[in-house]
Amino acid sequence: MRIGELAERAGTTTRTLRYYESRGLLPARRGSNGYRTYDEGDVRLLEQIRTLQDFGFDLEETRPFVECLRSGHPAGDSCPASLDVYRRKLGELDALIVELSAVREQVGAQLVRAEAAVVGGPDPQCELTG
């Protein structure tokens, strides 16, 4: 298939596909007419990239998964390098969860202080109607 059909099937743009090609994530095969040519395996590569990006992986983090598929494995996460990326991402997510939990506690404490000030203080004056 040609680049436009691949873009349509993958739900992306030809510009994105050319970018992936320039980054070495999508093979750069050309037919005798000079046009880029793609196959079903390329659709699978793009599905893998999109799924990982939907999960918050950056483009470079998808590389081991793509390479795993390109080497003939049925799933992009069945290679050791892919598993390493999963482990790193889980570590990042765990750190974010800790950070967000701390922020949530701070916001909750601020809300409690603000509500106490409103209940115990004078009636607030609305500057717009005042």
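The model is predicted: local features need pLDDT of at least 70, side-chain atom pairs count only at pLDDT 80 or more, and totals for chains, interfaces and linings use all residues. Residues are numbered from 1 along each chain as its sequence is written, and side-chain values use heavy atoms, with hydrogens and water left out.

**Exercise 1. Find which residues of helix 2 are buried, and describe the face that they line.**

Step 1: Let's start with the terms. Helices are DSSP runs (H or I, at least four residues), numbered from the N terminus, while strands are runs of E with at least two residues. Buried means under 20% relative accessible area, exposed means over 50%, and partly exposed lies in between (1.4 Å probe, protein chains only).

Step 2: Helix 2 covers residues 14-22, and its buried residues are Leu 17, Tyr 20 and Glu 21. Viewed down the helix axis, these buried residues fall within an arc of 100° (taken from the directions from the axis to the C-beta atoms), so they line one face of helix 2.

Step 3: Now turn to the face directed away from the buried side; there you find the exposed residues Arg 15 and Ser 22.

Step 4: The buried residues of helix 2 pack against helix 1 (3-10) and helix 3 (40-54). After helix 2 comes Gly 24, which has a positive phi, near 80°.

**Exercise 2. Explain why the pair of Phe 57 and Tyr 86 is edge-to-face.**

Step 1: A pair of aromatic rings is described by the distance of the centres and the angle of the planes. Rings of Phe, Tyr and Trp (its six-membered ring) pair if their centres lie within 6.5 Å; planes under 30 degrees apart are stacked, over 60 edge-to-face, and the rest tilted.

Step 2: The whole structure holds 3 aromatic pairs. For Phe 57 and Tyr 86, the centres are 6.2 Å apart and the planes stand at 75°, so this pair is edge-to-face.

Step 3: Phe 57 lies in the loop between helix 3 and helix 4, and Tyr 86 in helix 5 (residues 80-120), so the pair ties together parts 29 residues apart in sequence.

Step 4: The rings of Phe 65 and Tyr 86 have centres 5.1 Å apart and planes at 65°, so this pair is edge-to-face too. Together, Phe 57, Phe 65 and Tyr 86 form one aromatic cluster.

**Exercise 3. Describe where Lys 89 lies and what its charged end sits over.**

Step 1: Lys 89 is in helix 5 and is buried, with a relative accessible area of 8%.

Step 2: Its charged end sits over the ring of Phe 57, 5.1 Å from the centre. The criterion is NZ of Lys or CZ of Arg within 6 Å of the ring centre and within 35 degrees of the ring normal.

Methods:
Contact = heavy atoms within 4.5 Å.
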